[in-house]
Amino acid sequence: MMARALTLYAGLVLFFLVAPLLVIVPLSFSAEPYFTFTPAMLSLDPDGYSLRWYEAVLSNPAWLRALSNSLLIGIASTLLATSLGTLAALGLQRRDLPLRGLITGILISPLVVPIIIAAAGMYFFYSQIGLTGSLLGLVLAHTALGTPFVVITVSATLSGFDWTLPRAAASLGADPVTAFFRVTLPLILPGVISGALFAFATSFDEVVMVLFLGGPEQRTIPRQIWTGIREEISPAILAVATILVLLSGLLLVAVELLRRRAEALRTIANLNAA
Amino acid sequence: MSTSGPTLARQLGRAEAKARLKSFGLVAPLLVFILASFALPIATLLVRSVHNPEVAAALPATAAALQIWDGARLPDEAAFGALAQDLLTAPEDALSRAASRFNSDLPGGRALLLLTARALKASKDAPSRARFVQIDPRWGEQQVWVQLGVALEVWTAKNFVTAMDYRYDENRAVVAQPREKQLYVTLFLRTLWVAGAVTLLCLVLGYPLAYVLAQAPQRLSNILMIFVLLPFWTSLIVRTTSWIVLLQDHGPINDMLLALGLIDDKSRLALIYNATGTLIAMTHILLPFMVLPLYSVMRGIPPTLTRAALSLGAPPFLAFLRVFLPLSVPGIAAGSLLVFILALGYYITPALVGGLSGELYSNQIAFHMQSSLNWGLASALSVILLSAVIGFYFVYMRIIGAEGLRLT
């Protein structure tokens, strides 16, 4: 009885988590320019549904421009964040690193510093050195926001790492760089890719930095949605939102598969050690 | 033996030091990057919250004259003369910048300075106190001169005075704002309250869910975890959009309640553009940050412990209360602190669904950054919010550490 009530409660919480994401999907196929279910939609009349909002998005140069900006900033900042973050996670593995706690705290801080404060500080600073209204400024800002995720995921992968393997490579004559690329990196790759996907998702989702640092030329998808919500509420936003939910589903499955792969590798390593 | 011992120790020490240096070299690029592109810009806010050079730069003679002013009555003719000299000689753009700054100390101060400068330039009359008062009677008010004196301070505490809901009176004493103008302390307390309420709601919703997921067979819980992770991976702004759709007056929730006969058309619930909207949407968005650490800690609790308590005759609820719950405290601490810290700085969601009563501290910072252009005050508010966040972040790193941040 108690157990059944608990399961029901958990089910309701899961419903609360997912239902809001799914409710926008049918609305994005509405034939009317409203944010609500029309009677025609509720009676499942095919005429109540249409693809007009998807057409509207795909034929609107502003949205396409936003997509290319989002991809450009996202990919550039992901590459930067992943390389810097992976190196740092490797260095942080040494427990006796001087000031390790403080350094970790600083490296993770972009995750917890309120975004508006970071954006305000960067706005003043970047406008002095001419980085506002440029893609470069946004790439740097998004890189800073993405690195904590890379440091965290790569560190988690490294916690189960067998350090005798790169040492074996070294004893066989590999120099440190070769040992890293041929032995260490392939083994920690699932964590690195997970971190990269997190960094990309962070950049692809970010709107406050774009509001403060970007000009009209640097509008991204979240920035377009922001304007859409505040100015002209149209189901075109819901069409974009539906596509984004689908994209996050894909990212999630990718990270989940990588996590299982990393877990399997760790199990094998532990078995070998035993 | 006696000679090789210390040498060996020294060699080992040297090798260790070299390895440490190499590790530091790996961390250094990111550390330098974060310090330069992230920490340094935030540190400039600290300076900006107390540094206010624009007005003094445009009105140097007035600044010097007001230095010797006692503030007890109107300044003497010399001060009026100095201000006239500054207004007549200051470059156009410097004066305009200074006037904009002065506007945040005295409402209407921008127009007062610029129109006075224009009137002085247009007429041939000798600038005197009488002439100033003739141009604008406010120049005969002591409060105006007090505010000008405050605006002329290059290093100033005025932004913190405002941020703590105090002001300067006509004798330049710091006094509390009248009750109806007290804003920022109330807003800070409200932000703490909302963050606390969201944390509690996340715990009440997330603990039982994490418990059920942790008890379920691994295969099933892996599948169910997708329901937790999908919102986690979905864009924040998309989730906020969903809540706008759901909570609006003619949205699905109100329509459903109407269809069920629980409300009638005139009494549709106001769920959005108020504190309710902020609470609901923030709880939904932050819930995964609670469930993930709880689940990860609960999975690590050996089921044998609870079984042992049961076999010794404890009723199930007591076994949970005395055995399982204490062991899950690290998860509760990690999840609650993380949700609370993130909620303190929330901006996008309250800006889009909060309306006026659902506004948080970050929204006031944005308002002063973008609309009122009172950047000094925006910086002071940022310093206050950041201090609170760093305080809780420090506690988090102390008792949980970076290893407690699990993302998958």
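Of the 274 residues of chain A, 47% count as buried. Buried here means that 20 or more other C-beta atoms lie within 10 Å of the residue's own; 12 or fewer makes it exposed, anything in between partly exposed, and the C-beta atoms are placed from the backbone. In chain B, buried residues make up 42% of 408.

Before going on, the conventions. This is a predicted model, in which local features need pLDDT of at least 70 and side-chain atom pairs count only at pLDDT 80 or more, while totals for chains, interfaces and linings use all residues. Residues are numbered from 1 along each chain as its sequence is written, and chains are lettered from A and ligands numbered from 1 in the order in which they are written.

Chain A has 12 helices and zero strands. Helices are DSSP runs of H or I with at least four residues, strands are runs of E with at least two, and both are numbered from the N terminus. The C-alpha atoms of chain A fill a box of roughly 70 × 65 × 35 Å along the principal axes. Among its contacts between residues at least 6 apart in sequence, 75% join residues at least 24 apart. Two residues are in contact if their C-beta atoms, again placed from the backbone, lie within 7 Å.

Now chain B, with 20 helices and two strands. Its radius of gyration is 30 Å, well over the 22 Å that the globule rule gives for 408 residues, so chain B is more spread out than a compact globule. That radius is taken over C-alpha atoms, and the rule is 2.2 Å times the number of residues to the power 0.38. The C-alpha trace of chain B spans about 100 × 95 × 35 Å along its principal axes. For contacts in chain B between residues at least 6 apart in sequence, the share joining residues at least 24 apart is 70%.

Next, the interface. The classes are: nonpolar for Ala, Val, Leu, Ile, Met, Phe, Trp, Tyr, Cys and Pro; charged for Asp, Glu, Lys and Arg; polar for the others, Gly among them.

On to the cores. A nonpolar core is a set of buried Ala, Val, Leu, Ile, Met, Phe, Trp, Tyr and Cys residues joined through C-beta atoms within 7 Å. The largest has 163 residues, and B:Leu286 and B:Ala343 have the most contacts inside it. α12(A) gives the most to this core, with 14 residues. Neighbours within four places in sequence aside, B:Leu286 is in contact with B:Val198, B:Cys202, B:Val339, B:Leu342 and B:Ala343.

Helix α10 (residues 184–215) and helix α17 (residues 329–344) of chain B pack at an angle of about 140 degrees, with their axes 9 Å apart. The axes are lines fitted to C-alpha atoms over the stretch in contact, and angles run from 0 to 180 degrees between N-to-C directions. Residues making the contact include B:Val198 and B:Cys202 of α10(B), and B:Val339 and B:Ala343 of α17(B). The contact has 10 nonpolar, six polar and no charged residues.

B:Leu59 lies between α2 (54–58) and α3 (60–67) of chain B. Is B:Leu59 buried or exposed? B:Leu59 is buried, because 27 other C-beta atoms lie within 10 Å. B:Leu59 and B:Leu152 are 93 residues apart in sequence but 7.9 Å apart in space, C-alpha to C-alpha.

B:Asp165 is in the loop between α9 (158–163) and β1 (166–168) of chain B, and counts as partly exposed because it has 18 C-beta neighbours inside 10 Å. B:Leu373 is in the loop between α19 (361–370) and α20 (375–399) of chain B, and with 14 such neighbours inside 10 Å B:Leu373 is also partly exposed.
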